[in-house]
Amino acid sequence: MATINDVCKLAGVSKATVSRVLNNTGQVKKSTADAVYQAMNTLGYKPNSLARALATNCTNTLGLVVSAFEGAYFSSLMRKASETSASDGKQLLIMDGGHSPQSEEKAIHSLVERKVDAVILYTRKMPAEKLKTLMESLPVPLIVINQMVEGFEPRCICFDQYQAACNATEFLIAKGHNKIACISGPENSVNSSLRLQGFKDTLAKHHLPLCGIYHGNYYTQSGYHACQALLDSKQPFSALFAANDSMAMGAIRALHEAGINVPEEISVMGFDNDPAGPFLIPSLSSIMLPVDAMAQTAIEQAMRLLKGDKISEVDLFSGSLIVRESVDQLKKPR
(Lines give C-alpha, C1' and ligand atoms only; values in the text may rest on other atoms or scores of the structure.)
Protein backbone atom coordinates (compact mmCIF):
# COMPACT_ATOMS: atom_id res chain seq x y z
CA MET A 1 0.00 0.00 0.00
CA ALA A 2 1.38 3.40 -1.02
CA THR A 3 2.36 5.88 1.70
CA ILE A 4 2.79 9.64 1.78
CA ASN A 5 6.57 9.07 1.57
CA ASP A 6 6.05 7.27 -1.76
CA VAL A 7 4.06 10.25 -3.04
CA CYS A 8 6.84 12.63 -1.93
CA LYS A 9 9.48 10.57 -3.72
CA LEU A 10 7.55 10.25 -6.99
CA ALA A 11 6.48 13.92 -7.04
CA GLY A 12 9.91 15.13 -5.95
CA VAL A 13 8.59 17.26 -3.09
CA SER A 14 8.73 17.29 0.72
CA LYS A 15 6.12 15.81 3.06
CA ALA A 16 5.19 19.33 4.17
CA THR A 17 4.37 20.26 0.55
CA VAL A 18 2.16 17.19 0.10
CA SER A 19 0.39 18.07 3.35
CA ARG A 20 -0.27 21.63 2.16
CA VAL A 21 -1.71 20.30 -1.11
CA LEU A 22 -3.99 17.79 0.63
CA ASN A 23 -5.21 20.23 3.26
CA ASN A 24 -5.36 23.25 0.94
CA THR A 25 -3.22 25.30 3.33
CA GLY A 26 -0.36 27.62 2.45
CA GLN A 27 0.69 28.62 -1.04
CA VAL A 28 1.65 25.87 -3.48
CA LYS A 29 2.33 26.44 -7.18
CA LYS A 30 -0.21 24.85 -9.51
CA SER A 31 2.48 22.82 -11.24
CA THR A 32 3.61 21.42 -7.89
CA ALA A 33 0.05 20.57 -6.82
CA ASP A 34 -0.56 18.88 -10.19
CA ALA A 35 2.59 16.79 -9.68
CA VAL A 36 1.39 15.68 -6.24
CA TYR A 37 -2.06 14.71 -7.51
CA GLN A 38 -0.50 12.86 -10.46
CA ALA A 39 1.73 10.90 -8.09
CA MET A 40 -1.27 10.04 -5.90
CA ASN A 41 -3.20 8.76 -8.92
CA THR A 42 -0.26 6.72 -10.18
CA LEU A 43 0.33 5.11 -6.79
CA GLY A 44 -3.34 4.78 -5.87
CA TYR A 45 -2.67 6.69 -2.66
CA LYS A 46 -5.72 7.43 -0.47
CA PRO A 47 -5.26 10.10 2.23
CA ASN A 48 -6.26 9.11 5.76
CA SER A 49 -9.29 11.33 6.40
CA LEU A 50 -9.14 10.86 10.16
CA ALA A 51 -5.50 11.87 10.29
CA ARG A 52 -6.25 14.91 8.14
CA ALA A 53 -9.12 15.87 10.44
CA LEU A 54 -6.90 15.67 13.51
CA ALA A 55 -4.19 17.70 11.80
CA THR A 56 -6.48 20.43 10.47
CA ASN A 57 -9.26 20.35 13.08
CA CYS A 58 -11.68 20.07 10.15
CA THR A 59 -13.71 16.94 9.34
CA ASN A 60 -15.60 18.31 6.34
CA THR A 61 -18.85 17.26 8.02
CA LEU A 62 -21.89 19.27 9.08
CA GLY A 63 -24.48 18.20 11.63
CA LEU A 64 -28.25 18.65 11.24
CA VAL A 65 -30.76 18.17 14.06
CA VAL A 66 -34.44 18.11 13.10
CA SER A 67 -37.57 17.87 15.24
CA ALA A 68 -38.70 14.66 13.56
CA PHE A 69 -37.88 12.41 10.63
CA GLU A 70 -41.43 11.82 9.45
CA GLY A 71 -43.44 13.88 7.00
CA ALA A 72 -42.80 15.55 3.66
CA TYR A 73 -41.79 18.85 5.29
CA PHE A 74 -38.77 17.40 7.09
CA SER A 75 -37.97 15.06 4.23
CA SER A 76 -37.66 18.04 1.90
CA LEU A 77 -35.57 19.98 4.42
CA MET A 78 -33.15 17.10 4.96
CA ARG A 79 -32.79 16.40 1.26
CA LYS A 80 -32.00 20.02 0.40
CA ALA A 81 -29.57 20.34 3.32
CA SER A 82 -27.77 17.21 2.17
CA GLU A 83 -27.56 18.40 -1.44
CA THR A 84 -26.24 21.84 -0.43
CA SER A 85 -23.68 20.32 1.93
CA ALA A 86 -22.44 17.94 -0.77
CA SER A 87 -22.06 20.79 -3.26
CA ASP A 88 -19.72 22.46 -0.75
CA GLY A 89 -17.72 19.27 -0.27
CA LYS A 90 -19.25 18.49 3.12
CA GLN A 91 -20.92 15.34 4.41
CA LEU A 92 -24.11 15.79 6.43
CA LEU A 93 -24.81 13.88 9.65
CA ILE A 94 -28.50 13.98 10.62
CA MET A 95 -29.92 13.33 14.09
CA ASP A 96 -33.47 13.19 15.43
CA GLY A 97 -34.32 16.02 17.82
CA GLY A 98 -36.98 13.87 19.48
CA HIS A 99 -39.67 16.53 20.00
CA SER A 100 -38.13 17.99 23.17
CA PRO A 101 -35.53 20.65 24.05
CA GLN A 102 -33.61 18.09 26.10
CA SER A 103 -33.26 15.59 23.26
CA GLU A 104 -32.40 18.37 20.81
CA GLU A 105 -29.59 19.55 23.06
CA LYS A 106 -28.35 15.99 23.53
CA ALA A 107 -28.25 15.53 19.74
CA ILE A 108 -26.28 18.77 19.33
CA HIS A 109 -23.64 17.70 21.85
CA SER A 110 -23.44 14.26 20.23
CA LEU A 111 -22.64 15.89 16.88
CA VAL A 112 -20.04 18.15 18.49
CA GLU A 113 -18.39 15.07 20.02
CA ARG A 114 -18.21 13.64 16.50
CA LYS A 115 -16.15 16.70 15.51
CA VAL A 116 -18.58 18.19 12.99
CA ASP A 117 -17.48 21.58 11.68
CA ALA A 118 -20.87 23.22 12.35
CA VAL A 119 -24.37 22.31 13.54
CA ILE A 120 -27.70 23.30 11.96
CA LEU A 121 -30.70 22.94 14.28
CA TYR A 122 -34.36 22.94 13.24
CA THR A 123 -36.18 23.45 16.52
CA ARG A 124 -39.80 23.75 17.52
CA LYS A 125 -39.54 23.92 21.29
CA MET A 126 -36.08 24.92 22.53
CA PRO A 127 -36.28 28.24 24.45
CA ALA A 128 -34.44 31.21 22.98
CA GLU A 129 -32.44 31.62 26.19
CA LYS A 130 -31.08 28.08 25.87
CA LEU A 131 -30.28 28.59 22.20
CA LYS A 132 -28.35 31.74 23.05
CA THR A 133 -26.33 29.86 25.69
CA LEU A 134 -25.47 27.14 23.18
CA MET A 135 -24.46 29.66 20.52
CA GLU A 136 -22.16 31.34 23.02
CA SER A 137 -20.59 28.16 24.41
CA LEU A 138 -20.33 25.57 21.63
CA PRO A 139 -16.89 25.15 20.05
CA VAL A 140 -18.47 25.11 16.56
CA PRO A 141 -20.98 27.46 14.91
CA LEU A 142 -24.68 26.76 15.54
CA ILE A 143 -27.20 27.85 12.88
CA VAL A 144 -30.87 27.81 13.93
CA ILE A 145 -33.81 27.32 11.59
CA ASN A 146 -37.28 28.29 12.77
CA GLN A 147 -36.48 30.54 15.73
CA MET A 148 -34.94 33.97 16.24
CA VAL A 149 -32.25 34.43 18.91
CA GLU A 150 -31.48 37.96 20.08
CA GLY A 151 -27.87 38.91 19.42
CA PHE A 152 -27.39 36.09 16.92
CA GLU A 153 -29.81 37.16 14.18
CA PRO A 154 -27.42 36.37 11.27
CA ARG A 155 -27.32 32.75 12.46
CA CYS A 156 -31.13 32.44 12.47
CA ILE A 157 -33.12 31.38 9.40
CA CYS A 158 -36.78 32.13 10.00
CA PHE A 159 -40.15 32.15 8.28
CA ASP A 160 -42.72 34.91 8.82
CA GLN A 161 -45.23 32.67 10.59
CA TYR A 162 -47.39 35.57 11.75
CA GLN A 163 -47.86 37.18 8.34
CA ALA A 164 -48.52 33.85 6.64
CA ALA A 165 -51.33 33.13 9.10
CA CYS A 166 -52.70 36.63 8.50
CA ASN A 167 -52.72 35.96 4.75
CA ALA A 168 -54.52 32.63 5.17
CA THR A 169 -57.18 34.22 7.34
CA GLU A 170 -57.58 37.18 4.98
CA PHE A 171 -58.18 34.71 2.16
CA LEU A 172 -61.03 33.05 4.06
CA ILE A 173 -62.55 36.44 4.91
CA ALA A 174 -62.30 37.50 1.26
CA LYS A 175 -64.37 34.42 0.43
CA GLY A 176 -67.16 35.84 2.59
CA HIS A 177 -66.53 33.82 5.76
CA ASN A 178 -67.16 35.73 8.97
CA LYS A 179 -67.38 32.76 11.36
CA ILE A 180 -63.99 31.07 11.25
CA ALA A 181 -62.76 28.44 13.71
CA CYS A 182 -59.12 27.46 14.28
CA ILE A 183 -57.14 24.34 15.13
CA SER A 184 -53.83 25.68 16.40
CA GLY A 185 -50.60 23.85 17.13
CA PRO A 186 -49.11 23.11 20.58
CA GLU A 187 -49.47 25.91 23.11
CA ASN A 188 -45.76 25.72 24.06
CA SER A 189 -44.57 26.21 20.47
CA VAL A 190 -43.30 29.69 19.51
CA ASN A 191 -44.30 29.30 15.88
CA SER A 192 -47.68 27.87 16.78
CA SER A 193 -48.29 30.94 18.93
CA LEU A 194 -47.29 33.23 16.05
CA ARG A 195 -49.70 31.52 13.66
CA LEU A 196 -52.51 31.72 16.20
CA GLN A 197 -51.80 35.39 16.89
CA GLY A 198 -51.88 36.16 13.17
CA PHE A 199 -55.28 34.45 12.96
CA LYS A 200 -56.66 36.33 15.96
CA ASP A 201 -55.32 39.73 14.91
CA THR A 202 -56.78 39.39 11.41
CA LEU A 203 -60.22 38.58 12.81
CA ALA A 204 -59.93 41.56 15.16
CA LYS A 205 -58.91 43.80 12.27
CA HIS A 206 -62.18 42.91 10.54
CA HIS A 207 -64.18 43.09 13.80
CA LEU A 208 -65.03 39.39 13.58
CA PRO A 209 -65.61 37.14 16.62
CA LEU A 210 -63.56 34.10 17.61
CA CYS A 211 -65.56 30.98 16.81
CA GLY A 212 -63.66 28.32 18.68
CA ILE A 213 -59.93 27.66 19.05
CA TYR A 214 -58.66 24.16 19.70
CA HIS A 215 -55.06 22.97 20.07
CA GLY A 216 -53.53 19.96 18.35
CA ASN A 217 -49.96 18.64 18.14
CA TYR A 218 -49.49 18.94 14.36
CA TYR A 219 -50.39 15.27 13.83
CA THR A 220 -53.42 14.18 11.79
CA GLN A 221 -55.19 12.48 14.67
CA SER A 222 -55.08 15.64 16.78
CA GLY A 223 -56.79 17.59 13.99
CA TYR A 224 -59.43 14.89 13.78
CA HIS A 225 -60.17 15.01 17.52
CA ALA A 226 -60.01 18.82 17.69
CA CYS A 227 -62.57 19.09 14.90
CA GLN A 228 -64.82 16.58 16.65
CA ALA A 229 -64.63 18.70 19.81
CA LEU A 230 -65.41 21.81 17.77
CA LEU A 231 -68.49 20.15 16.28
CA ASP A 232 -69.59 18.89 19.70
CA SER A 233 -69.43 22.49 21.02
CA LYS A 234 -72.25 23.42 18.61
CA GLN A 235 -70.39 26.67 17.87
CA PRO A 236 -71.46 27.74 14.36
CA PHE A 237 -68.67 28.27 11.82
CA SER A 238 -68.43 28.25 8.03
CA ALA A 239 -64.64 27.98 7.68
CA LEU A 240 -61.79 26.31 9.54
CA PHE A 241 -58.12 27.36 9.64
CA ALA A 242 -55.75 24.56 10.66
CA ALA A 243 -52.16 25.43 11.62
CA ASN A 244 -50.77 22.65 9.44
CA ASP A 245 -51.96 20.38 6.65
CA SER A 246 -51.86 17.18 8.68
CA MET A 247 -54.38 18.58 11.18
CA ALA A 248 -56.45 19.96 8.30
CA MET A 249 -56.61 16.45 6.81
CA GLY A 250 -57.76 15.04 10.15
CA ALA A 251 -60.39 17.76 10.41
CA ILE A 252 -61.72 17.00 6.92
CA ARG A 253 -62.13 13.36 7.95
CA ALA A 254 -64.07 14.38 11.07
CA LEU A 255 -66.31 16.66 8.98
CA HIS A 256 -66.92 13.85 6.49
CA GLU A 257 -67.92 11.44 9.26
CA ALA A 258 -70.31 14.10 10.59
CA GLY A 259 -71.97 14.32 7.18
CA ILE A 260 -70.59 17.80 6.47
CA ASN A 261 -69.39 18.52 2.95
CA VAL A 262 -66.14 20.39 2.27
CA PRO A 263 -66.19 23.07 0.91
CA GLU A 264 -69.94 23.29 0.19
CA GLU A 265 -70.83 23.59 3.88
CA ILE A 266 -67.49 24.30 5.57
CA SER A 267 -64.27 25.52 3.95
CA VAL A 268 -60.94 24.23 5.28
CA MET A 269 -57.59 26.01 5.03
CA GLY A 270 -54.29 24.29 5.83
CA PHE A 271 -50.68 25.38 6.28
CA ASP A 272 -47.36 23.85 5.02
CA ASN A 273 -48.46 22.69 1.54
CA ASP A 274 -48.01 18.98 2.17
CA PRO A 275 -47.43 17.04 -1.10
CA ALA A 276 -50.54 14.96 -0.32
CA GLY A 277 -52.70 18.09 -0.34
CA PRO A 278 -53.36 18.24 -4.11
CA PHE A 279 -54.54 14.60 -4.10
CA LEU A 280 -57.16 14.87 -1.37
CA ILE A 281 -60.85 15.08 -2.22
CA PRO A 282 -61.30 18.00 -2.14
CA SER A 283 -57.74 19.15 -2.76
CA LEU A 284 -56.41 21.20 0.14
CA SER A 285 -55.82 24.97 0.03
CA SER A 286 -52.71 25.83 2.01
CA ILE A 287 -49.73 28.10 2.64
CA MET A 288 -46.48 26.96 1.05
CA LEU A 289 -43.35 27.32 3.18
CA PRO A 290 -40.05 27.73 1.26
CA VAL A 291 -38.38 24.97 3.31
CA ASP A 292 -35.86 24.12 0.57
CA ALA A 293 -34.64 27.71 0.36
CA MET A 294 -34.42 27.95 4.14
CA ALA A 295 -32.37 24.75 4.40
CA GLN A 296 -30.03 25.90 1.63
CA THR A 297 -29.57 29.31 3.26
CA ALA A 298 -28.78 27.72 6.64
CA ILE A 299 -26.02 25.58 5.10
CA GLU A 300 -24.66 28.57 3.17
CA GLN A 301 -24.50 30.70 6.34
CA ALA A 302 -22.62 27.89 8.11
CA MET A 303 -20.15 27.63 5.23
CA ARG A 304 -19.49 31.38 5.27
CA LEU A 305 -18.72 31.23 8.99
CA LEU A 306 -16.35 28.29 8.48
CA LYS A 307 -14.51 30.24 5.79
CA GLY A 308 -14.11 33.17 8.17
CA ASP A 309 -16.49 35.40 6.22
CA LYS A 310 -18.74 37.93 7.91
CA ILE A 311 -22.42 37.04 7.68
CA SER A 312 -25.41 39.37 7.63
CA GLU A 313 -28.93 38.93 8.95
CA VAL A 314 -31.21 37.04 6.55
CA ASP A 315 -34.63 38.50 5.75
CA LEU A 316 -37.65 36.55 6.95
CA PHE A 317 -38.88 34.07 4.37
CA SER A 318 -42.43 34.54 3.09
CA GLY A 319 -45.17 32.01 2.38
CA SER A 320 -47.25 31.60 -0.76
CA LEU A 321 -51.00 31.08 -0.86
CA ILE A 322 -51.92 27.86 -2.69
CA VAL A 323 -55.58 27.93 -3.72
CA ARG A 324 -57.28 24.59 -4.29
CA GLU A 325 -60.76 23.09 -3.82
CA SER A 326 -61.17 22.97 -0.03
CA VAL A 327 -62.07 26.67 0.24
CA ASP A 328 -65.10 28.11 -1.50
CA GLN A 329 -67.15 31.29 -1.48
CA LEU A 330 -69.60 31.37 1.41
CA LYS A 331 -73.03 30.34 0.20
CA LYS A 332 -75.72 32.84 1.15
CA PRO A 333 -78.95 31.37 2.60
CA ARG A 334 -81.74 31.18 0.06
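Among contacts in the protein chain between residues at least 6 apart in sequence, what percentage join residues at least 24 apart? The figure is 68%. Please keep in mind throughout that this is a predicted model.

1. Overall build. The protein chain is made up of twelve helices and eleven strands. Its radius of gyration is 26 Å, well over the 20 Å that the globule rule gives for 334 residues, so the chain is more spread out than a compact globule. The C-alpha trace spans about 95 × 40 × 30 Å along its principal axes.

2. Of the 334 residues in the protein chain, 48% are buried. The chain exposes about 16500 Å², and carbon and sulfur atoms supply 51% of that area.

3. Charges. You will find 32 positive and 32 negative side chains in the protein chain. The centres of these two sets lie 6 Å apart.

4. The largest nonpolar core. This core holds 45 residues, and Ile120 and Phe241 are the ones with the most contacts inside it. Helix α12, residues 291-306, gives the most to the core, contributing seven residues. A second, separate core has 24 residues, including Ala181, Ile183, Cys227 and Leu240.

5. A closer look at isoleucine 120.

6. Asparagine 5 lies in helix α1 and is partly exposed, with a relative accessible area of 45%. Asparagine 5 and serine 103 are 98 residues apart along the chain, and their C-alpha atoms are separated by 46 Å. Glycine 12 sits in the loop between α1 (4-11) and α2 (15-23). Is glycine 12 buried or exposed? Glycine 12 is exposed, because its relative accessible area of 63% is over the 50% cut-off. From glycine 12 to alanine 39 there are 27 residues in sequence and 9.4 Å in space, C-alpha to C-alpha.

7. Two cis peptide bonds. Do have a look at the bond from valine 262 to proline 263, which is cis, with omega near 5°. Proline 263 belongs to the loop between α11 (245-257) and β9 (267-269). Isoleucine 281 and proline 282 are likewise joined by a cis peptide bond, with omega about 0°. Proline 282 is in the loop between β9 and β10 (286-288).

8. Positive phi values. Lysine 234 is a residue other than glycine with a positive phi, near 65°. It is found in the loop between α10 (220-232) and β8 (239-242). Lysine 234 is exposed, with a relative accessible area of 69%. Aspartate 272 is not a glycine either, yet its phi is positive at about 120°. Aspartate 272 is placed in the loop between β9 and β10. Why does aspartate 272 count as buried? Aspartate 272 is buried because its relative accessible area is 17%, which is under the 20% cut-off.

Technical notes. Residues numbered from 1 in each chain as written. Predicted model: local features only at pLDDT ≥ 70, side-chain atom pairs only at ≥ 80, totals over all residues. Heavy atoms only, no water. Helix = DSSP H or I, 4+ residues; strand = E, 2+ residues; numbered from the N terminus. Rg over C-alpha atoms; globule rule 2.2 N^0.38 Å. Buried < 20%, exposed > 50% of the residue type's maximum accessible area, 1.4 Å probe, protein only. Contact = heavy atoms within 4.5 Å. Areas by Shrake-Rupley, 256 points an atom, 1.4 Å probe, with all protein chains shown as cover. Lys, Arg positive; Asp, Glu negative; His and termini not counted. Charge placed at Lys NZ, Arg CZ, Asp CG, Glu CD. Core = buried A, V, L, I, M, F, W, Y, C linked by side-chain atoms within 4.5 Å.
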